[in-house]
Amino acid sequence: MKRRKKKNRKSSSGNFHVSSLYSLPLHKTDRELRKIQIKEWMDVNLPPVGSKEWEDLCTGCGKCCCDKVWRGKKLVALASFCKFLDLETNRCSVYKNRFSYEPLCSQIDAEIIEMGALPEDCPYVVDLPGYKGPLVIERTMQEF
Ligand code: SF4
Ligand code: SF4
């Protein structure tokens, strides 16, 4: 018997009927889901980003301004710091324009938190369930 090739054809409603669908990545990855959870947690538990209350949460410890590298999927916090951090005061010397001076400097948001870029005692994450900060090692960027 002659086999007929199956063709894509229009369905009766006029929509194009695709006989074989590829499985599309319609579900979110674990990281995307975690970011959504973090964002929801932030909306409930933290003041609006950029507000005075938000800014006041920062203790100025300067720990988040350390150099960081990825080791596999884990962020590693090094013992050296961004060149704009005043090591005497732990304050950023270009705070108002920090994002234009330092391309690697980022606003704290769900993505940064999901990466684990903040130390675990940072007030922005200290109460976030399951939060894990970076692996801290006593080596500078030069020694790494
Ligand atoms: S780690 Fe947290 S508290 Fe310390 S400087 Fe960074 S944002 Fe502020
Ligand atoms: S530019 Fe960003 S990372 Fe560098 S010291 Fe300032 S706040 Fe910290």
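This is a dialogue on reading a predicted model.

Mentor: In this predicted model, local features need pLDDT of at least 70 and side-chain atom pairs count only at pLDDT 80 or more, while totals for chains, interfaces and linings use all residues. Residues are numbered from 1 along each chain as its sequence is written, and chains are lettered from A and ligands numbered from 1 in the order in which they are written.

Trainee: What is the mean pLDDT of the protein chain?

Mentor: pLDDT is the predictor's confidence in each residue, from 0 to 100. The mean here is 87, and 83% of the residues reach 70 or more. Over residues 1–20 the pLDDT is below 50. Where pLDDT is low, the predicted coordinates should not be read in detail.

Trainee: In what order do the three strands of the open sheet stand?

Mentor: Strands are DSSP runs (E, at least two residues), numbered from the N terminus, and two strands pair if DSSP finds at least two bridges between them. The order is β3-β4-β7, with mixed pairing. β3 (66–71) and β7 (135–136) are at the edges, each with a single partner strand, so one side of each has no neighbour in the sheet. β4 (residues 74–81) and β7 run parallel, joined by two bridges. Opposite Val 76 stands Leu 135 in β7.

Trainee: Which residues are around ligand 2?

Mentor: A residue is near a molecule if its C-beta atom, placed from the backbone, lies within 6 Å of it. Around ligand 2 they include Cys 65, Cys 82, Cys 92, Cys 105, Arg 98 and Glu 102.

How values were computed:
Helices (H or I, at least four residues) and strands (E, at least two) are DSSP runs, numbered from the N terminus. Two residues are in contact if their C-beta atoms, placed from the backbone, lie within 7 Å.
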